[in-house]
Amino acid sequence: AIARVKTVQTDCCPSECLPESEANLYEELRQRSLAGFAQARSSDEGRRRGRARQTAEGVVVALEAPWLPEDDAMIEAMEESDGPPRVVELPLKVGWTWISY
């Protein structure tokens, strides 16, 4: 299943389609997003690859860094400053699950 985010899709670059103030905000948010991904990926937690561990059933599980192919697609989309915005579809069960009792 895929989560859908309401987006406005256009065939032009935001700097050409949006008023200047909105185009500037779009660019600022794009840059902040890239910086956030870079900071997360370079953090100790983001680079951590856990040691293999054995489950109660005897299965050996190797832990990997917490990055998904969708993360790579989002970074690739944000690295493109020219052209129309791209939509990255996310699986429904992506991210942290918050349970409150």
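Modeller: The model is predicted, with local features needing pLDDT of at least 70 and side-chain atom pairs counting only at pLDDT 80 or more, while totals for chains, interfaces and linings use all residues. Residues are numbered from 1 along each chain as its sequence is written, and side-chain values use heavy atoms, with hydrogens and water left out.

Arg41 also meets the side chain of Asp72 in a salt bridge, at 2.7 Å from N to O. The term denotes a side-chain nitrogen of Lys or Arg within 4 Å of a carboxyl oxygen of Asp or Glu. Asp72 belongs to helix H4 (residues 69–79) and Arg41 to helix H2, so the pair ties together parts that are 31 residues apart in sequence. Helices here are DSSP runs (H or I, at least four residues), numbered from the N terminus. Arg41 is partly exposed at 26% relative accessibility, and Asp72 is partly exposed at 40%; buried means under 20% relative accessible area, exposed over 50%, and partly exposed in between, with a 1.4 Å probe and protein chains only.

Helix H2 (residues 20–42) holds a further pair, Glu28 and Arg32, which lie 4 residues apart, about one turn of the helix. Glu28 forms a salt bridge with Arg32, their closest N and O atoms being 3.6 Å apart. Glu28 is partly exposed at 41% relative accessibility, whereas Arg32 is exposed at 54%.

As for the helix itself, H2 has 23 residues and reaches 33 Å from its first C-alpha to its last, close to the 33 Å expected at 1.5 Å a residue. That expected span is 1.5 Å times one less than the number of residues. Ala23, Arg30, Leu34 and Phe37 are buried in H2. The cover over these buried residues includes helix H1 (14–17) and H4, where contact means heavy atoms within 4.5 Å.

The structure holds 5 salt bridges. One of them joins the side chains of Glu80 and Arg86, at 2.8 Å from N to O. Salt bridges that share partners link Glu76, Glu80 and Arg86 into one network.

Key. Helices (H or I, at least four residues) and strands (E, at least two) are DSSP runs, numbered from the N terminus.
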